[in-house]
Amino acid sequence: MMLGSRKLAAVLVAGALAGGIGVGVAAGAKRHHAPGVMLRAAAQYLEIDRPTLAKDMRSGQTLAQIAGARGKSVTGLEAAMVAAVKVKLDAAVSTGRLTSPREQQVLARVQKVVAKLVNAKLAARPAAKARLLGAAAAYIGVKPKALSAELKGKSLAQVAVAHGKTAAGLKAALLARFKTRLDKAVSGGRISAADAQARLDRISARLDALIAKTR
């Protein structure tokens, strides 16, 4: 499937987040439109238009590899991407939407995300799906490979029922993983309870579709 530059950026950032940075960055960097901002900054630094950059990345190249091929440094690329996010954060501070200490915390996390992002490939998305499949397998009581085999021509809901489980129970088990992370973000003051609930509602709807989808 072909991805546009905005969706591509979101996928790559999601991959970087899945690599261990966590909800805190999503609550800071992504709140200030970091995915699009960082990809645009990367394109400008690399002196390449965004559609071409997106095409190169879809082909399996990382931002670091593209930078090397164009005679640019990875350090300079990372600096340009972080600087672009800082401009957005500075604007948020100037209007009172963000405190200076909070900006520094977000920037520190953004730097970690960028370090992962420049070396990330689109394969990060399947990795996230694999973790979700592993969680589903744990609830159903089978090995991930066995679950993958059973899913041929069936949905997760059907497989769950065949093992004496329920679709509702499966969804609750999967949703709990996301809720735990969001609860930690709320308790840490990184996102509001309302924002966490809105995100959880969106995830819940996606899980409904995922569980009912026939493979």
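In which hand does α11 pass α12 in their crossing? The legends below take up this question and visit several other places in the predicted model.

Figure 1. Before the close-ups, here is the overall picture. The secondary structure of this predicted model comes to 12 helices and zero strands. Followed along the sequence, the chain reads α-α-α-α-α-α-α-α-α-α-α-α. It has 215 residues, and 40% of them count as buried.

**Figure 2. Helices α11 and α12 pack against each other.** This view answers the opening question: α11 passes α12 in a right-handed crossing. Helix α11 covers residues 167–187 and helix α12 covers residues 193–212; they pack at an angle of about 155°, and their axes are 10 Å apart. At that angle, α11 is roughly antiparallel to α12. On the α11 side, the contact is made by A167, L170, K171, L174, L175, F178, K179, L182 and V186. From α12 come A193, A196, R199, L200, I203, S204, L207, D208 and I211. Sorted by class, the residues of this contact are 13 nonpolar, one polar and four charged.

**Figure 3. Helix α6 from end to end.** Helix α6 spans residues 74–94, which makes 21 residues. From first C-alpha to last, α6 reaches 30 Å, close to the 30 Å expected at 1.5 Å a residue. Which residues of α6 are buried? They are G76, L77, M81, V82, A84, V85, L89 and A92. For reading such a list, recall that an α-helix has 3.6 residues a turn, so residues three or four places apart point the same way. After α6 comes G96, which has a positive phi, near 80°.

**Figure 4. Helix α6 meets helix α7.** Here α6 is shown with helix α7, residues 100–117; the two pack at an angle of about 155°, with axes 10 Å apart. That angle makes α6 roughly antiparallel to α7, and their crossing is right-handed. In the contact, α6 supplies E78, M81, V82, V85, K86, L89, D90 and V93. These meet S100, E103, V106, L107, V110, Q111, V114, A115 and L117 in α7. The contact contains 11 nonpolar, two polar and four charged residues. Among its α6 members, M81, V82, V85 and L89 are also buried.

**Figure 5. T62, a residue in a loop.** T62 sits in the loop between α4 (50–58) and α5 (63–69). Leaving aside residues up to four places away in sequence, T62 touches V118, N119, A120 and K121.

**Figure 6. E47, with a positive phi.** E47 belongs to the loop between α3 (34–46) and α4. Its phi is near 60°, a positive value in a residue other than glycine. Relative accessibility of E47 is 59%, so E47 counts as exposed.

Figure 7. A130 lies in helix α8, residues 124–140. With a relative accessibility of 46%, A130 counts as partly exposed.

How values were computed: Residues are numbered from 1 along each chain as its sequence is written. This is a predicted model: local features need pLDDT of at least 70, side-chain atom pairs count only at pLDDT 80 or more; totals for chains, interfaces and linings use all residues. Side-chain values use heavy atoms; hydrogens and water are left out. Axes are lines fitted to C-alpha atoms, for helices over the stretch in contact, and angles run from 0 to 180 degrees between N-to-C directions. Helices (H or I, at least four residues) and strands (E, at least two) are DSSP runs, numbered from the N terminus. Angles under 35 degrees count as roughly parallel, over 145 as roughly antiparallel, 65 to 115 as roughly perpendicular and the rest as oblique. A crossing is left-handed if the near helix is turned anticlockwise from the far one by less than a right angle, and right-handed if clockwise. Contact means heavy atoms within 4.5 Å. Ala, Val, Leu, Ile, Met, Phe, Trp, Tyr, Cys and Pro count as nonpolar, Asp, Glu, Lys and Arg as charged, and the others, Gly among them, as polar. The expected span of a helix is 1.5 Å times one less than its number of residues. Buried means under 20% relative accessible area, exposed over 50%, partly exposed in between (1.4 Å probe, protein chains only).
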